[in-house]
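Here is a short briefing on one protein model. Please read it alongside the coordinates.

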Amino acid sequence: MSLLQGCASAQPFIAMSDSPNPFHSQSLKAANVAANPDRSQRIEFKLSDYQWQNRILLVFAPSTDSSQYRQQMQVWQADEAGTGNRDLKLVQILGTGESQVDGRSLNSASVEKLRQQFGITPEEFAVILVGKDGTEKQRSQTPLDLAGLFRTIDAMPMRQQEMRSRQ
């Protein structure tokens, strides 16, 4: 078998290296943006769009690297049924990185408006519960545990009415 015949029937050759290839990582980033067009289209977020339908948990953090942010996200993921049952939506507002609601990126104007409205700087961590009526119900400078958050929500008159109507 000649060398040329061997190459034609062999598996494709893929060069592998331990050193990073900046051109390769740039093409992967471009492919990710193309595959996920939602990431490149940032949405406008207004609390009023959720009023009377959802309670909102605003999590402000410097970045996803913040230990308080990571702790709050672990707590949030611990009881999806409980958060869903209480019509609770998570909005992540980051100093650096992509601020999000429902996996969609928020535009910078929406992020800035929320920061101004609640008086939170990009360097601060804060968790704010906004009720269905659109008003602030609870604020913390540390991560909230779900049991405490659920007690706060379950004590609200609107939630009491929801629980009675679901029985």
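This is a predicted model: local features need pLDDT of at least 70, side-chain atom pairs count only at pLDDT 80 or more; totals for chains, interfaces and linings use all residues.

Residues are numbered from 1 along each chain as its sequence is written, and side-chain values use heavy atoms, with hydrogens and water left out.

**Salt bridges**

- The whole structure holds ten salt bridges (a side-chain nitrogen of Lys or Arg within 4 Å of a carboxyl oxygen of Asp or Glu).
- One of them joins D87 and K132, at 2.7 Å from N to O. D87 sits in the loop between α5 and β2 and K132 in the loop between β5 and β6, so the pair links parts 45 residues apart in sequence.
- D87 and K132 are both buried (buried is under 20% relative accessible area, exposed over 50%, partly exposed in between, with a 1.4 Å probe and protein chains only).
- R166 also bridges to D87, with the closest N and O atoms 3.5 Å apart. R166 lies in the segment after α8 (157-165), so this pair ties together parts 79 residues apart in sequence.
- R166 is partly exposed, at 45% relative accessibility.
- D133 and K137 form a salt bridge at 3.0 Å, N to O. Shared partners join R55, R86, D87, K132, D154, R159, E162 and R166 into one network of salt bridges.
- D133 has a relative accessible area of 26% and is partly exposed. K137 is partly exposed too, at 36%.

**Surroundings of K132**

- K132 has 8% relative accessibility, so it counts as buried.
- Leaving aside neighbours within four places in sequence, K132 contacts Q51, W52, Q53, N54, R55, D87, M158 and E162 (contact means heavy atoms within 4.5 Å).

**Helix α4**

- Helix α4 spans residues 67-77, and its Y69, Q72, M73 and W76 are buried. Viewed down the axis, the buried residues of α4 fall within an arc of 100 degrees, so they line one face (the arc is that of the directions from the helix axis to the C-beta atoms).
- Helices (H or I, at least four residues) and strands (E, at least two) are DSSP runs, numbered from the N terminus.
- The cover over the buried residues of α4 includes β1 (55-61), α5 (80-85), β2 (88-94), β5 (126-130) and α7.

**Helix α7**

- In α7 (residues 146-154), the buried residues are L146, G148, L149, F150, I153 and D154.
- D145 caps the N-terminal end of α7, with a side-chain oxygen 3.4 Å from the backbone nitrogen of A147.

How values were computed
A polar contact is a pair of N or O atoms within 3.5 Å; within protein, one must be able to donate a hydrogen and the other to accept it, and residues adjacent in sequence count only if both atoms are side-chain atoms.
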